[in-house]
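Take a look at the chain shown here. We will walk through its contacts, its core and its surface.

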Amino acid sequence: MASITGSSLAISSLSSSFKQNKASLKTSSISIKGISFPSLRLKPATRRFSINCAAKPETVDKVCEIVKKQLALPGDSVVNGESKFTALGADSLDTVEIVMGLEEAFGITVEEENAQTIATVQDAADLIEDLVAKKC
């Protein structure tokens, strides 16, 4: 007996065998008690466990300082990667000023469509690192 749930495969029969098509990691065949299922598709392990690189801690820290300065937050205010600009009290004008401060500090230009996707400090830091990498 076999059951497939999401991206996992459970085989409860000891006589079952699993053969992977070596030509393509995306298609595999499975044989359970003589019944073959050649069109079974599996994701390769490298795609299943992909890691998205976040911005460097130094970039996040610098963005936090710029956000604190632009919003005139007290020094003891907690601002981190998950901090949402709106939760910190920023309105749309404040957000524009934050983006302008980030552009000046990092020597980048943020397009309006990219600026509209920034909701958190981490979003800003990730975008900055992408723009800096493209600039080089």
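Predicted model: local features only at pLDDT ≥ 70, side-chain atom pairs only at ≥ 80, totals over all residues.

Now step back to the whole chain. The chain holds 5 helices and 5 strands. Along the sequence they follow the pattern β-β-β-β-β-α-α-α-α-α. The chain has 136 residues, and 29% of them are buried. Look next at contacts with a separation of 6 or more: 44% of these join residues 24 or more positions apart.

Next comes the interior. In soluble globular proteins, nonpolar side chains tend to be buried together. Here the largest nonpolar core has 24 residues. V63, V67, F85, L102, F106, V110 and V121 are the ones with the most contacts inside it. Three helices, α2 (57–70), α3 and α5 (121–135), each supply at least two residues of this core. Helix α5 gives the most, with 6 residues.

Find A55 now. A55 sits in the loop between α1 (45–48) and α2. Is A55 buried or exposed? A55 counts as buried because its relative accessibility is 10%, and the cut-off for buried is under 20%. Beyond its neighbours within four places in sequence, A55 is in contact with V60, Q122, A125, D126 and E129.

Move on to helix α3, which spans residues 92–106. D94 is found in this helix. D94 is buried yet has no salt bridge. How far away is the nearest side chain of opposite charge? That side chain belongs to K69, and it is 14 Å away. Setting aside neighbours within four places in sequence, D94 is in contact with L71 and G89.

L93 is in helix α3 too. L93 counts as exposed because its relative accessible area is 53%, and exposed means over 50%. So D94 is buried, whereas L93 is exposed. L93, V96 and M100 form a nonpolar patch on the surface. Together these three residues have about 290 Å² of accessible area.

Finish with the surface as a whole. The chain exposes about 9,600 Å². Carbon and sulfur atoms supply 55% of that area.

Methods. Residues numbered from 1 in each chain as written. Heavy atoms only, no water. Helix = DSSP H or I, 4+ residues; strand = E, 2+ residues; numbered from the N terminus. Buried < 20%, exposed > 50% of the residue type's maximum accessible area, 1.4 Å probe, protein only. Lys, Arg positive; Asp, Glu negative; His and termini not counted. Salt bridge = Lys/Arg side-chain N within 4 Å of Asp/Glu carboxyl O. Contact = heavy atoms within 4.5 Å. Areas by Shrake-Rupley, 256 points an atom, 1.4 Å probe, with all protein chains shown as cover. Patch = residues over 30% accessible without salt bridge, like charges linked within 9 Å, V, L, I, M, F, W, Y side chains within 5 Å. Core = buried A, V, L, I, M, F, W, Y, C linked by side-chain atoms within 4.5 Å.
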